[in-house]
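Have the structure open and follow along.

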Amino acid sequence: MTAELAGPLAKTLRETFTPLIARGTPVALVGFAETPNCGGHAMWLGEKRLIAELGAKLAYECSAQSYDRAEMERKLGGGTILLHGNANSFGRNAAFLEFQARVLADFPAHAAIALPSQPEIPREGEPPFAKHERLTLFASSEAARSALARRYGPGARIELAPDTTFMLGPQKRACDPIYDIVWIARSDGDKANDQTEVATRLSTQSAEKFPIPPYPDGIEMSFVAKQ
């Protein structure tokens, strides 16, 4: 991610959300990603950076497991609810979807914002969150916005904004690159297309494990590459 890309998109995010979240507004950020998907965690960090740069007050944050309605009500007051923009927030992860719907049902009078995501929307049944009258949905692509508009109808408030990961800006390399090109060819459901066959073939090749320097919080990570 370069500064030429991240800078303008971070500016767009600030300009988009400034009218919706006034400086000093208490907000609750709910739905911390309890998965190993690093993209969801990057979005969460970007959301927190956005809240800070807007001058809002992060009064409460939780995962689905740590959600406490009474504590959130006490800390949030009449503030705004922000739903984490996990890519699965409208789709395959039914438990996560049910959690978000429960939070909105617990706080029907609060303004709520579903932060930018690339959702897969269930085609059957009532649209998720359809009963919440003060909800604004954000999509991170035109295709996602069109899908939301078709599912929720003309009365829904649906906006477009970049992925909040861009709030993190360019990230410095922890070490010099070993290869000129890294091709990420996924075979899971999020990327089941023409790359799937290539990823499957790669899975039969020899693997090499690459350590990643520890983060300041002590978390250690590594990844395995097929060559």
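Let's start in helix H1 (residues 3-17), where Glu15 and Lys11 sit 4 residues apart, about one turn of the helix. Keep in mind that this is a predicted model. The side chains of Glu15 and Lys11 make a salt bridge, with N and O at 2.5 Å. Glu15 counts as partly exposed because its relative accessibility is 47%, and Lys11 is partly exposed too, at 43%.

**Salt bridges**

The structure has 6 salt bridges in total. Three of them, including the one just described, are set out here.

| Salt bridge | N to O distance | Where the partners lie |
|---|---|---|
| Glu61 and Lys48 | 3.2 Å | strand E2 and helix H2 |
| Arg69 and Asp106 | 3.5 Å | helix H3 and helix H4 |

Glu61 and Lys48 form a salt bridge with their closest N and O atoms 3.2 Å apart. This pair links distant parts of the chain, 13 residues apart, with Glu61 in strand E2 and Lys48 in helix H2. Glu61 is partly exposed at 37% relative accessibility, and so is Lys48 at 29%.

Then there's Arg69 with Asp106, whose side chains meet at 3.5 Å, N to O. Arg69 is partly exposed, with a relative accessible area of 43%, whereas Asp106 is buried at 17%.

Strand E1 (residues 26-32) pairs with strand E2 (residues 57-63) in the parallel sense, over 6 bridges. To find your way around, look for Ala28: its bridge partner in E2 is Tyr60. Between E1 and E2 the chain passes through helix H2 (residues 38-54), and this β-α-β crossover is right-handed.

Ser63 is also in strand E2. Is Ser63 buried or exposed? It counts as buried, because its relative accessibility is 6% and the cut-off for buried is under 20%. A polar atom of the Ser63 side chain lies 3.3 Å from the backbone nitrogen of Gln65. Setting aside neighbours within four places in sequence, Ser63 is in contact with Gly31, Phe32, Glu34 and Phe99.

**Around helix H3**

Helix H3 covers residues 69-76, and at its start a side-chain oxygen of Asp68 comes to within 3.1 Å of the backbone nitrogen of Ala70. Just after H3, Gly77 has a positive phi of about 60 degrees.

**The nonpolar cores**

The largest nonpolar core has 24 residues, and the members that touch the most others are Val30, Tyr67, Met72, Ile81, Val103, Phe129 and Leu137. At least two residues of this core come from each of E1, E2, H3, strand E3 (80-83), helix H4 (94-106), strand E4 (112-117), strand E5 (135-139) and helix H5 (142-152). Which element gives the most to this core? That's H4, with 4 residues.

Not counting residues up to four places away in sequence, Val103 touches Val30, Tyr67, Met72 and Ile81. Apart from this core lies another, of 17 residues, with Phe17, Ala56, Leu115 and Ala161 among them.

Notes:
Residues are numbered from 1 along each chain as its sequence is written. This is a predicted model: local features need pLDDT of at least 70, side-chain atom pairs count only at pLDDT 80 or more; totals for chains, interfaces and linings use all residues. Side-chain values use heavy atoms; hydrogens and water are left out. A polar contact is a pair of N or O atoms within 3.5 Å; within protein, one must be able to donate a hydrogen and the other to accept it, and residues adjacent in sequence count only if both atoms are side-chain atoms. Two strands pair if DSSP finds at least two bridges between them. A crossover is right-handed if, with the strands pointing away from the viewer, the path from the first strand over the helix to the second runs clockwise. A nonpolar core is a set of buried Ala, Val, Leu, Ile, Met, Phe, Trp, Tyr and Cys residues joined through side-chain atoms within 4.5 Å. Buried means under 20% relative accessible area, exposed over 50%, partly exposed in between (1.4 Å probe, protein chains only). Contact means heavy atoms within 4.5 Å. A salt bridge is a side-chain nitrogen of Lys or Arg within 4 Å of a carboxyl oxygen of Asp or Glu.
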